[in-house]
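Biologist: I would like to learn how to read a model like this one, feature by feature. Please give me the general idea each time, and then the case at hand.

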Amino acid sequence: MTTPPASTSRAEELGAAETPFQQVWRSLRKDRLAMAGLYVLLGLIALALVGKLLTEWWVVFDPATVRLPDKLRPPMSHASAALAADQVPPFGTYFFGTDELGRNVFARMLQGSFVSLSVGIVAVSISLSVGILIGGLAGFYGKRKFGFVSVDALLMRVTDVALCFPTFFLILTVVALLPPSIYNIMIVIGMTSWMGTARFVRAEFLSLRERDFVTAAQALGLPEWRIIFRHMVPNAMAPVLVSATIDVAYAILTESALSFLGFGVRPPFATWGNILADGRGYIFDAPWLFAIPGTAILLVVLAFNLVGEGLRDAMNPRLRKRAS
Amino acid sequence: MANGAEAAIPPLLRIRDLRVEFETDAGSVPAVRGVDLDVHAGETVALVGESGCGKSVTALAVMRLMTGRVASGSIHFEGKDLASLAEPEMRRVRGAQIGMIFQEPMTSLNPVFKIGRQIEEVLVLHQKLSGAAARTQALDLLTRVGIPSPEQRAEQYPHELSGGMKQRVLIAIAIACKPKLLIADEPTTALDVTIQAQIMALLKSLKDELNMAVLLITHDLGVVAHFAERVDVMYAGKLVEHGSVRDIFKRPAHPYTRALLGALPDPLKPAKRLEAIPGRVPSPAMLPPGCAFCARCKHAFEPCQAEQPPLLPITAPHVAACWLHDPKRATTSV
């Protein structure tokens, strides 16, 4: 092998490489509200995982334990001496009080945090998959004819039709027909919230499709599915991730609303929505029963929105401040 | 095309009567109107012409990557007709047997992947290499195209590289599977003059090393003179002249080729004013019935308006599509 005659100029030094992820992170770190939201979310994820373990495996945290002598105790009150040993809450204290059946609200909130978070994340994963698939196909194969309509027109009109349904009532109808299960709720929320993602991805693909690197990838003989999902989708992810973050908040809110209305997770199993629903009969006697789950929902939805807004600013190169 | 140079070995790439049309609201517009082109194994053929004359469309038609439609004609590559090949087989030709370099190195690499991975991808795809073997080969390719410290470079993103560097990476990707034919679509247009010379020198050395044929598409006649063996000049979707580099530069026969050469600065005669070609390339939607160049041609006479000239022999294999070279029509030799 011969040495190439020409070598590149020394003008470009091998600087410390900064990946696109690092650039976004550097910018995001300056956004205090977004960072506050991110800390809340990280705390919540930790809490949800720990809570899942504690409520499943440690009997004193069992959220379903009924203690009739200790019903409607206010937060931070102590357990009465009349309880059996396996009914005494940890440290003998009800941190968040008890409900009308004497169930420990702290344990129920822990269990509910896992439900809320997993519904949010799984539902949004489903909606992202469907949205990227439909938006990607519409954007990439847009001009191709399918019968007398183009693929783009067909898929986007389907999206428009899906957008026309009043989503919440559609979810209510479907959930009323299906057996109440957390998985059905995840799927239903996911399948009714992909339209925004599909539109974002299609819009990005329409411009990406004309970019030279896509033609270059085709000139290398890469199969089309690989060009779509390995080359174009990562380039279209910035606006999708932002909207996905905010969609998680929406999904958590929807699940809470469903559980509040009694269409959600089956009652002995606690979610923030059904804790709130149980508490609404005791607003004046036991205000902690609605205040605690209500505040939790508010905080989490706010945190997801703040992180989403922060990500949008951090990923927008025009708004991004350069490192000084 | 009767260029007489056809040896017993059939050419690597043989394009016959290629017509490409674009569908518009106003009907179909011809961008390429019956082009014949041969590229033999190991040789460099330059396709020259102004912007919009159809040279890039011809190249993309070979790869079957354009939005237009091949209306008629054949593109034979090693005996296979690429115009009628099934798409999966076409994908095995692209990248593996025909490599392509594009005009814009700045935008032809995927911005979200490290460059090492982009080279490895094509190796894994066509040569079925494992990850580690592909990485070794990618580093070797980066060294070959003259990129210093390939290990670090492979870990960088395209935005961290200069234009010349990116073009080198694109060349590395194009030659990764040792293609028999490399199509270089204006490979130096977007680069600095000093980098242009480096890139062309690199292409030349790689061509000799790998014994590739190169179809060089350019409007830079200086590049053509140094690099190509044969030249095809295109104007408004048709070939107007074909010949060896020597023929084209010493004895240009078509007025358009002469005008192109006249528009080129001559370092030995610095005082001379450069001659611009008056007028513009006619729109492909409104082509005149006769020679497409006649409105801009100093030598136009009656038949030029009425009838399209065929490729007329000058001295084989040199041909030009101009009525001036028809002994029956031309009154004066030019």
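Modeller: Start with A:Asn184, which is found in helix H6 (residues 182–191) of chain A. Keep in mind that this is a predicted model.

Biologist: Is A:Asn184 buried, exposed or partly exposed, and why?

Modeller: The idea is to count neighbours: a residue is buried if 20 or more other C-beta atoms lie within 10 Å of its own, and exposed if 12 or fewer. A:Asn184 has 15 other C-beta atoms within 10 Å, so A:Asn184 is partly exposed.

Biologist: Which residues does A:Asn184 touch, not counting residues up to four places away in sequence?

Modeller: A:Asn184 touches A:Val175, A:Leu178 and A:Pro179 on that basis. A:Asn184 and A:Val265 are 81 residues apart in sequence, and their C-alpha atoms are 9.6 Å apart in space. For A:Leu53 and A:Leu101, the figures are 48 residues in sequence and 23 Å in space, C-alpha to C-alpha. A:Leu53 lies in helix H2 (residues 32–57) of chain A, and A:Leu53 is partly exposed because 13 other C-beta atoms lie within 10 Å.

Biologist: Where are the buried residues of H4(B) when seen down its axis?

Modeller: The general point is that an α-helix has 3.6 residues a turn, so residues three or four places apart point the same way. The buried residues of H4(B) are B:Ala134, B:Ala138, B:Leu141, B:Leu142 and B:Arg144. Seen down the axis, they fall within an arc of 155°, so they line one face of H4(B). Their packing partners are H3, helix H5 (150–154) and H6 of chain B. As for length, H4(B) covers residues 131–144, 14 residues in total, and reaches 20 Å from its first C-alpha to its last, close to the 20 Å expected at 1.5 Å a residue.

Biologist: How is the packing of two helices described?

Modeller: Two packed helices are described by the angle between their axes and the distance between the axes. H8(A) and helix H9 (residues 224–260) of chain A pack at about 140°, with axes 11 Å apart, in a right-handed crossing. A:Val214, A:Ala217 and A:Gln218 of H8(A) make the contact with A:Ile227, A:His231 and A:Met232 of H9(A). Four of the residues in this contact are nonpolar, two are polar and none is charged.

Biologist: What are the angle and the axis distance for H3(A) and H7(A)?

Modeller: Helix H3 (residues 105–140) of chain A packs with H7(A) at about 35°, their axes 7 Å apart. This crossing is right-handed. Among the residues of H3(A) in the contact are A:Gly131, A:Gly135 and A:Gly139, and those of H7(A) include A:Phe200 and A:Arg209. The contact divides into 10 nonpolar, six polar and three charged residues.

Biologist: How should I read a positive phi?

Modeller: Most residues other than glycine have a negative phi. Following H4(B), B:Gly146 has a positive phi, near 80°. B:Asp17 is not a glycine, yet its phi is positive at about 45°. B:Asp17 is found in strand E1 (residues 13–24) of chain B, and B:Asp17 is exposed, with 12 other C-beta atoms within 10 Å. B:Lys128, also not a glycine, has a positive phi of about 55°. B:Lys128 sits in the loop between H3 and H4 of chain B and counts as exposed, with 9 C-beta neighbours inside 10 Å.

Biologist: How many residues of each chain are in contact with the other chain?

Modeller: An interface is read from each side. Here 40 residues of chain B contact 26 residues of chain A. On the chain B side, H7(B) gives the largest share, five residues. The residues of that side comprise 18 nonpolar, 13 polar and nine charged.

Notes: Residues numbered from 1 in each chain as written. Chains lettered and ligands numbered in written order. Predicted model: local features only at pLDDT ≥ 70, side-chain atom pairs only at ≥ 80, totals over all residues. Contact = placed C-beta atoms within 7 Å. Helix = DSSP H or I, 4+ residues; strand = E, 2+ residues; numbered from the N terminus. Nonpolar A, V, L, I, M, F, W, Y, C, P; charged D, E, K, R; others polar. Expected span 1.5 Å × (residues − 1). Arc of directions from axis to C-beta. Axes fitted to C-alpha atoms, helices over the stretch in contact; angles between N-to-C directions. Left-handed = near helix turned anticlockwise from the far one by under 90°.
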